[in-house]
Number of protein chains: 2
Amino acid sequence: MLEDLISKIESQMPLSIDAKKHIFAIARERDLKKGSLLIREGNSVNKTFFVTAGCLRSYCLDKNGKEHTLQFAIKNWWISDFIAIYTNELATLTVECLTDSSVIEFNAKELDGIHKLFPEFESFQRHNLERHVVSLHRRILNQMQLTAEERYDLFLEQYPDIEQHTRNYHIASYLGITQQSLSRIRVKKAKN
Amino acid sequence: MLEDLISKIESQMPLSIDAKKHIFAIARERDLKKGSLLIREGNSVNKTFFVTAGCLRSYCLDKNGKEHTLQFAIKNWWISDFIAIYTNELATLTVECLTDSSVIEFNAKELDGIHKLFPEFESFQRHNLERHVVSLHRRILNQMQLTAEERYDLFLEQYPDIEQHTRNYHIASYLGITQQSLSRIRVKKAKN
DNA sequence: TAGCTTTCTTACCATAGGGTTAATTTTTAC
DNA sequence: GTAAAAATTAACCCTATGGTAAGAAAGCTA
């Protein structure tokens, strides 16, 4: 529901009536079935999604057809193909609903342009971009310095409830291992 | 030299005399010896660096004392510990000069605050943040879907002149492999 | 509930890359 | 320019993870 987004914004900044109205005007609520694709590799992209229920992921296919999950998104997270959005290139990612989900859909340019109409959004958006940078830096560092098992532990911490919604091979493809390796790790952990 | 930065900015946006003066006022030119550390893990960080000559890198140490290079920076690149800058946490990275280098040092908050005095910087800074996000996304995807050899090829493309400045183990620690593995890859490529 | 489909586990062997050490080459420092 | 230090290569074997395939379990569908 749109109220989820409004309260998320209001937890970070005061929101005028007019600004709220504008958000209502450019937002589109969508309910989606498990398996729906919001963005498809190779298509043009101009939408960003705020998740209000369910679970989605973005992934790419490598030249051998193997999937690599870049991001999961649950309630109150944003998801899109940010490479495509920020570079105006075609999508290299696919965004898929892992469960029945509800999202708020925005035209990325309209959303991005809010600060032109409502300058109070300027630092809010800047701050979100900075946090995005931080989370990506962290992901890179974790991938470099942690073992597959440590990355799995961290995943369970960071996404405590997501395991119910995802297939093992989704998690494996996020961790950068095969589902067989993940299965081995789970067996090993169950023994301890 | 500061002129390098000015012309880099002017290649992306018009720059008023006043704005230029302001940049001169908050910038500090520094010449550094090979091996100097600009940021040390564990210390507080409030500086960002624009490289005008030489070559630097940022890296972290894992719990086994192994180095992992997050970024290289050559002429016209920015480098810092962006996690620390954007979260106000202590540095998790170390920034090191790989060669004698020249940088322009900024207080990160002052640099970031330019758009408050000169609003024309707002979209410039936003755009830089977006490009930062894109490059990090790309790094993650490359690390996930390419082999060590493919990542090395890409590295040579992206940093064509950097090999002269860096030790093999710097490159290996950027690629996520050991220097022995990199050595093997180089031998293999030399044979073809 | 039965039957079908998908996912998960297990076991096998294969392989990329890691760790250690020693020999060689390159760089640094005097 | 030479000696010392550091980096690279090479060879060894080791380990974590991958690929394939088969069986077990779970989830859907009728």
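Visitor: How many residues of chain A are in contact with chain B?

Guide: This is a predicted model. Two residues count as being in contact if their C-beta atoms, placed from the backbone, lie within 7 Å. On that criterion, chain B contributes 25 residues to the contact, and the number from chain A is 25.

Visitor: Which element gives the most to the side of chain A that touches chain B?

Guide: Strand S5 (67–73), helix H3 (82–87) and helix H6 (121–145) of chain A each supply at least two residues of that side. By class, the side has twelve nonpolar, seven polar and six charged residues. With 16 residues, the element that gives the most is H6(A).

Visitor: How are the two copies related?

Guide: Chain A is superposed on chain B by a rotation of 180° with 0.0 Å of shift along the axis, and the RMSD is 0.0 Å. The two copies are therefore related as by a two-fold rotation axis.

Visitor: What percentage of the contact residues of chain A recur in chain B?

Guide: The rotation that superposes chain A on chain B is one of 180°. The same surface serves both copies, and the share of contact residues of chain A that recur in chain B is 100%.

Visitor: Which residue of chain A comes closest to the rotation axis?

Guide: The axis in question is that of the 180° rotation superposing chain A on chain B. At a C-alpha distance of 2.8 Å, the residue of chain A closest to this axis is Val133(A).

Visitor: Turning to the DNA, which element gives the most to the surface near DNA strand C?

Guide: Of the 14 residues around DNA strand C, those that come nearest are Asn168(A), Ser183(A), Ala148(B), Thr178(B) and Ser181(B). Two or more residues of this surface come from each of helix H8 (168–175) and H9 of chain A, and H9 of chain B. By giving five residues, the element that contributes the most is H9(A).

Visitor: Which element gives the most to the surface near DNA strand D?

Guide: There are 14 residues around DNA strand D, and Ala148(A), Ile177(A), Ser181(A), Asn168(B) and Ser183(B) come nearest. At least two residues each are supplied by helix H9 (179–191) of chain A, and by helix H8 (168–175) and helix H9 (179–191) of chain B. The element that gives the most, with five residues, is H9(B).

Conventions:
Residues numbered from 1 in each chain as written. Chains lettered and ligands numbered in written order. Predicted model: local features only at pLDDT ≥ 70, side-chain atom pairs only at ≥ 80, totals over all residues. Near = placed C-beta within 6 Å. Helix = DSSP H or I, 4+ residues; strand = E, 2+ residues; numbered from the N terminus. Least-squares fit on C-alpha atoms with pLDDT ≥ 70 in both. Nonpolar A, V, L, I, M, F, W, Y, C, P; charged D, E, K, R; others polar.
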